[in-house]
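The sequence and structure come before the details.

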Amino acid sequence: MSLTNEAPSSTTVSAQLLNKALLRSANFYEAKCFKDCNIQTILGVFIDLFGTKLLKTSSNEVSKASATMISKIDLNKNITINQDSIKALSTALETEQDHMDVDLNLTNTNNVKKIATLMKLLLLFPNEYYEKNERPQVLYLVTCVDVWAVSCTNADYLTRMKVCLMCRSLQLRFMQYFSVNSILGMDSGVLNWIVSSGQRWPLEGDKEVETVKNSLEHITNKLDLNILRRVIMGAGAKTPDAQSVTYLKNTLKQRVESLDENASKNTLEKIIDLLNATNSVLSNRKQSEADLTNIVYAVEHISKISKFIDSSLQNAKSSISNILEEVKSVSGEKPAFIAEHKSKFETIKHIFHITRLLQDYARIVGPNVDDVISAQNLSQTLTDLASPFIQFLQSALVDSSEDNDVLNMTTEFIAAFCSILSRYQQVETTKRVLAAIWFVYTLVLNTGDQEAIETLSNAFVSWIQSLSKEQYVIVIDGFVEQAEQEANNRGDVAKEQHHLVFLSLLSLLLKNCVDTEKSRLRKNIPTFVLKLSLIAGKTTSLKYLQQMLKLLIQLTIDQSYHFNDYDASLVLSCLLQVAHPTALERFKGQINREIAHEIFDDVCAVLSNFVSQHKDQIVYMMPPFVALIQSLLHCFKSTHVSLVSGTNAPTRKRKHNAEQKPSNKVLSGRTIPLLYEFTPLDDTSAQRFARVLTTIPQKQYSTSSAKNAKSTQSLYKIIAKHTPSILIEYFSIQSNTTMSIVRPSTKSILTQALYDILDMCSDTDRTFILSCLDGPGKSLFKSFYTNWKDTHKYTGQ
């Protein structure tokens with residue numbers, strides 16, 4: 001079967017199936033007879049196909065030039081690339097006329113499909129499989145195939161797009177081997193042409209077309225960014241590479257000089273890639289070493305971009321104001337009206353994105369940037385734009401929350417707004433930025449768009465890390481006021497989304513606050529935790545409870561906040577909301593087995609953090625701490641099989657009892673209602689719980705400098721007084737005649753952890769445990785004690 005044909009079915013032996021089977025075998029990499037010829041054979045088919053068929057059917061100068069280059073590849077020689085070897089292709093790309101619509105040719109479409117099949121074979125092999133001499137050959141070939149596929153206009157565009165996607169994906173895989181002595185590294189015009197090729201594809205299509213198009217756009221931008229980064233690094237080296245310097249100059253000229261008020265989406269995306277690459281390289285340089293005469297700072301061209309953005313922001317302000325007036329006048333037709341301005345929203349989104357990158361450039365370069373761009377003007381323009389933009393959002397996005405164009409533009413606006421340099425932010429500006437973030441985050445969270453939420457979160461994090469001390473005071477005070485407001489509205493179901501926004505932003509603030517301001521933030525932790533606990537006791541949103549647990553994990557593991565006894569007691573009180581008696585009713589219909597396991601694991605994580613990081617504080621609240629651990633033990637018990645199936649009952653009755661099993665569960669005093677429906681939990685949860693138990697005996701050396709700080713030995717003794725209660729609870733469960741922990745694997749996991757708890761118990765404690773158990777419980781404990789003594793207890797030998 002030919003390599004260029006797809007396998008008709010999975011039962012047919014084909015090159016693809018053979019390779020897939022071989023690639024899954026480690027022996028394949030040692031089979032030299034395959035390794036020496038596989039890649040060479042596939043490349044040979046490429047060359048032969050272009051030389052015998054595709055060169056003849058190429059209909060324009062670009063496709064002919066690329067097909068000719070492929071057909072002349074000699075696999076027995078190393079690829080050498082210079083300006084002369086790619087001159088024909090460069091000339092064809094420069095002089096190419098605007099493409100015209102042509103009739104599709106079935107033969108050409110089939111030829112493109114054959115190329116697609118060969119590309120799939122190349123993608124099948126891992127990078128390590130390619131020999132050193134094969135990598136430049138493959139990169140040379142796929143670049144030419146990429147250009148050929150784009151210019152082959154008389155073939156099906158979806159198939160061509162897939163070929164381009166595979167070519168660029170393969171180039172990205174080999175990016176670590178990128179060299180300026182390659183087609184894309186030799187002539188900036190080729191890269192510029194490939195990045196601009198997205199304009200050739202249809203604006204709209206079916207779902208598959210849209211998916212492939214979006215993937216191709218993403219991969220292309222990523223390829224562009226990576227190549228530009230490597231070129232800029234070469235141009236900015238201690239000994240600058242001459243080819244990289246020339247390449248960078250040409251790239252700057254090609255991309256910046258095409259900027260005008262009618263700049264296309266593709267033009268703006270190329271500027272975004274250029275700025276991203278520049279910022280990425282410059283971020284690794286010290287501000288004190290900034291030399292604005294160096295080509296990597298691109299001072300002249302950055303200044304032009306800045307002027308273009310300043311003008312574009314003014315135009316965006318006018319456009320938003322005009323659209324706002326029109327939106328108010330067409331209240332009944334807002335969705336249709338918003339759709340009419342789709343292209344304008346997309347352009348404004350890119351303008352905001354470039355603005356953010358310019359602000360990042362200004363922050364990286366430092367104060368000297370004022371000689372390059374007017375960062376203060378950009379900041380002022382963004383601030384002036386905030387009011388009309390927020391008004392527009394209130395009129396448009398609220399009624400069209402599923403409109404991705406408005407949502408994406410909104411996200412980029414906030415990201416740009418957050419990027420305002422702190423030295424240009426006044427007190428009022430800080431308040432407005434926080435208010436704008438809060439408002440837009442609420443709207444975006446309602447849509448559930450994770451990409452937009454992530455962008456906003458990153459923008460907020462970047463903003464808070466650039467604030468001054470005075471601005472931190474304003475932000476923290478704002479959160480304290482909001483916490484009070486959220487707690488006052490805890491019984492209002494309509495405000496639950498606001499609770500989630502507050503919780504999400506508070507979590508970001510606590511996690512990403514600069515170290516110098518954490519002491520200021522720590523003073524307000526009791527207020528935050530208390531308000532969160534009040535809301536958790538009333539909310540009907542399970543998502544809120546889950547996010548709250550994540551925040552508690554974050555708080556308890558971060559020692560920079562230095563809990564005192566009162567702080568720790570509030571955190572434990574907040575954690576106990578999981579076991580609230582009304583939780584099951586409030587979260588009815590929202591919880592499933594997977595979520596139940598996740599909640600259990602998060603509770604265990606908080607408890608584990610407590611005993612490992614905050615032992616100094618936990619000793620003062622051992623009773624509720626131990627009580628929660630006792631309740632968690634009940635999450636592993638289940639009804640005895642004989643009682644469920646009715647071993648001594650008739651067959652029909654046993655079946656009926658088995659069907660009624662879920663409804664037979666009866667809540668007991670120690671049970672956590674929210675989790676009990678999904679008991680017994682699995683062994684993974686048992687291991688998480690066992691980790692909490694094994695952490696309790698571990699000695700923590702106190703880092704507290706307080707005068708009343710307890711010694712490690714004192715902490716151990718205080719905790720040891722309460723550990724018998726854990727063993728009493730376990731053996732009380734196991735001696736129960738109807739429900740106990742019966743799964744052998746779970747019992748084994750818990751038993752090993754409980755041995756560590758028994759290590760802490762004295763002879764008096766063991767006597768006390770026996771006195772608290774009934775007959776069966778005493779027998780079980782004695783057996784447990786014997787095994788502990790024989791297999792676990794340290795005897796000094």
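Angles under 35 degrees count as roughly parallel, over 145 as roughly antiparallel, 65 to 115 as roughly perpendicular and the rest as oblique. The model is predicted: local features need pLDDT of at least 70, side-chain atom pairs count only at pLDDT 80 or more, and totals for chains, interfaces and linings use all residues. Residues are numbered from 1 along each chain as its sequence is written, and side-chain values use heavy atoms, with hydrogens and water left out.

**Helix packing**

Helices (H or I, at least four residues) are DSSP runs numbered from the N terminus. Axes are lines fitted to C-alpha atoms over the stretch in contact, with angles from 0 to 180 degrees between N-to-C directions.

| Pair | Axes come within | Crossing angle |
|---|---|---|
| α3 (residues 38-57) and α6 | 11 Å | roughly 165° |
| α6 (residues 106-124) and α8 (residues 157-173) | 9 Å | roughly 25° |

Helices α3 and α6 are therefore roughly antiparallel to each other. Their crossing is left-handed, that is, the near helix is turned anticlockwise from the far one by less than a right angle. Contact means heavy atoms within 4.5 Å. On the α3 side the contact includes Ile42, Phe46, Leu49 and Phe50, and on the α6 side it includes Asn111, Ile115, Leu118 and Leu122. The residues of this contact of α3 with α6 divide into twelve nonpolar, three polar and two charged. Here Ala, Val, Leu, Ile, Met, Phe, Trp, Tyr, Cys and Pro count as nonpolar, Asp, Glu, Lys and Arg as charged, and the others, Gly among them, as polar.

Helices α6 and α8, by their angle, are therefore roughly parallel to each other. Helix α6 passes α8 in a left-handed crossing. Among the residues that meet are Val112, Ala116 and Leu123 in α6, and Val163, Met166 and Leu170 in α8. The contact of α6 with α8 has ten nonpolar, one polar and four charged residues.

**Nonpolar core**

A nonpolar core is a set of buried Ala, Val, Leu, Ile, Met, Phe, Trp, Tyr and Cys residues joined through side-chain atoms within 4.5 Å. The largest one has 254 residues, and Phe479, Ile599 and Phe625 have the most contacts inside it. Helix α7 (residues 134-151) gives the largest share of this core, eleven residues. Beyond its neighbours within four places in sequence, Phe625 contacts Leu572, Leu607, Phe610, Val611, Ile618 and Ile696.

Gln577 sits in the loop between α26 (565-575) and α27 (583-586). Not counting residues up to four places away in sequence, Gln577 touches Ser533, Ala536 and Gly537.

Methods: Buried means under 20% relative accessible area, exposed over 50%, partly exposed in between (1.4 Å probe, protein chains only). Helices (H or I, at least four residues) and strands (E, at least two) are DSSP runs, numbered from the N terminus.
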